[in-house]
Amino acid sequence: MTLLICVFAAVICTYKWYTMKDNSLCLAPLCFMYWGASLMWLVDAIFEYAELQAEYFTPAAEDMLNDAFLGLSVVALGLIIWVIILLVKDPRGTVKNALAKKSK
């Protein structure tokens, strides 16, 4: 489940990044984070399959639920890091303008 959730997040993010006309949302770091996580979970799945063989394809419901929560947590953490990057870079100058208005 973690691999599946991360790959979906990576594909959606990459599609959005590719179809945007400008780079005002700084989606590249988010894409790299999700593709990196997907690669990590793929390697994990390969090694887990090598260890479990046929049992790999019949996980318990509890394991699937834990994996789903972990995948959603990874996506949420990636979004939090992306928002921090977006606030620091401030490509549209929104934070700078808000702080300038507040100081007047």
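Begin by selecting Q53, which counts as partly exposed because its relative accessibility is 42%; the class lies between buried (under 20% relative accessible area) and exposed (over 50%), judged with a 1.4 Å probe and protein chains only. The model is a predicted one, in which local features need pLDDT of at least 70 and side-chain atom pairs count only at pLDDT 80 or more, while totals for chains, interfaces and linings use all residues. Residues are numbered from 1 along each chain as its sequence is written, and side-chain values use heavy atoms, with hydrogens and water left out.

Q53 sits in the loop between α2 and α3. Its phi is positive, about 55°, although Q53 is not a glycine.

Next, select C26, in the loop that lies between α1 and α2. This residue, also not a glycine, has a positive phi near 50°. Is C26 buried or exposed? C26 is buried, because its relative accessible area is 9%.

Now display the whole chain as a cartoon. Four helices and zero strands make up its secondary structure, and the order from the N terminus is α-α-α-α. Helices (H or I, at least four residues) and strands (E, at least two) are DSSP runs, numbered from the N terminus. Along the principal axes, the C-alpha atoms fill a box of roughly 65 × 25 × 15 Å. The chain has a radius of gyration of 18 Å, whereas a compact globule of 104 residues would have one near 13 Å; the radius is taken over C-alpha atoms, and the globule rule is 2.2 Å times the number of residues to the power 0.38. Of the 104 residues in the chain, 24% are buried.

Select A45 in helix α2. A45 counts as buried because its relative accessibility is 12%.

Turn to the surface and select M1, L4, F8, I12 and M64, which form a nonpolar patch with about 510 Å² of accessible area together. Such areas come from the Shrake-Rupley method with a 1.4 Å probe, and for residues only the protein chains shown count as cover. Patches consist of residues with over 30% relative accessible area and no salt bridge; like charges are joined within 9 Å, and nonpolar side chains (Val, Leu, Ile, Met, Phe, Trp, Tyr) within 5 Å. A salt bridge is a side-chain nitrogen of Lys or Arg within 4 Å of a carboxyl oxygen of Asp or Glu. Which helix supplies the largest share of the nonpolar patch? Helix α1 (residues 2-19) does, with three residues. I12 lies in α1 and counts as exposed because its relative accessibility is 59%.

Finally, select D44, E48, E51, E62, D63 and D67, which gather in a surface patch of negative charge. Asp and Glu count as negative and Lys and Arg as positive, with His and the chain ends not counted; each charge is placed at NZ of Lys, CZ of Arg, CG of Asp or CD of Glu. Helices α2 (28-52) and α3 (61-89) each contribute at least two residues to this negative patch. End on E48, in helix α2, which counts as partly exposed because its relative accessibility is 34%.
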